[in-house]
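Try each task before reading its solution.

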Amino acid sequence: MRKPPGSMLTPGDVVELELGMLSGSEAGMVRQAVIVTAARILRGGPNVVQVVPLTRTLRSSGAEVLIEPDDDNGPGAPSAAQCQQVRAVAVGRITACVGNVGPVALQQVRNTVAVILDL
């Protein structure tokens with residue numbers, strides 16, 4: 001399920017982004033990520049959104065959420081949402097929207113981010 005360019009983003013969207021050069025253990029370069037910004041913020045057409053990068057390196061970590069690929073979510077292989085890497089990115093870094101993880105996986109990602117941030 002690819003969204004046409006210019007379509008409004010929604011929470012849980014899996015987007016492809018250009019993160020630029022990485023530093024240390026950061027997720028960098030071209031990467032898929034899950035949009036975790038609240039719907040009410042996305043409706044306002046923000047210039048910056050919050051994302052959690054995906055990786056195909058699967059670890060046994062309480063800071064990551066497994067995303068199994070399906071027809072709707074976008075990742076072509078089992079991936080992990082790196083909740084410890086949550087970040088704000090300019091919407092101009094988004095090159096495509098390739099799917100949506102759905103409400104259950106989105107809530108798991110948000111809950112894990114909340115634990116990491118002690119919210």
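Buried means under 20% relative accessible area, exposed means over 50%, and partly exposed is in between (1.4 Å probe, protein chains only). This is a predicted model, where local features need pLDDT of at least 70, side-chain atom pairs count only at pLDDT 80 or more, and totals for chains, interfaces and linings use all residues. Residues are numbered from 1 along each chain as its sequence is written, and side-chain values use heavy atoms, with hydrogens and water left out.

**Exercise 1.** Work out whether Ile116 is buried or exposed, or in between.

*Solution.* Next, take its relative accessibility, 38%, so Ile116 counts as partly exposed.

**Exercise 2.** Find the partner of Glu64 in a salt bridge (a side-chain nitrogen of Lys or Arg within 4 Å of a carboxyl oxygen of Asp or Glu).

*Solution.* The partner is Arg59, with the closest N and O atoms 3.0 Å apart. The count by this rule is one salt bridge. Now check the cover: Glu64 is buried because its relative accessibility is 11%, while Arg59, at 45%, is partly exposed.

**Exercise 3.** Which residues does Val34 touch, leaving aside those up to four places away in sequence?

*Solution.* Take contact as heavy atoms within 4.5 Å. Val34 then touches Gly12, Asp13, Val14, Gln50, Val51, Val52, Leu54, Val101 and Leu106.
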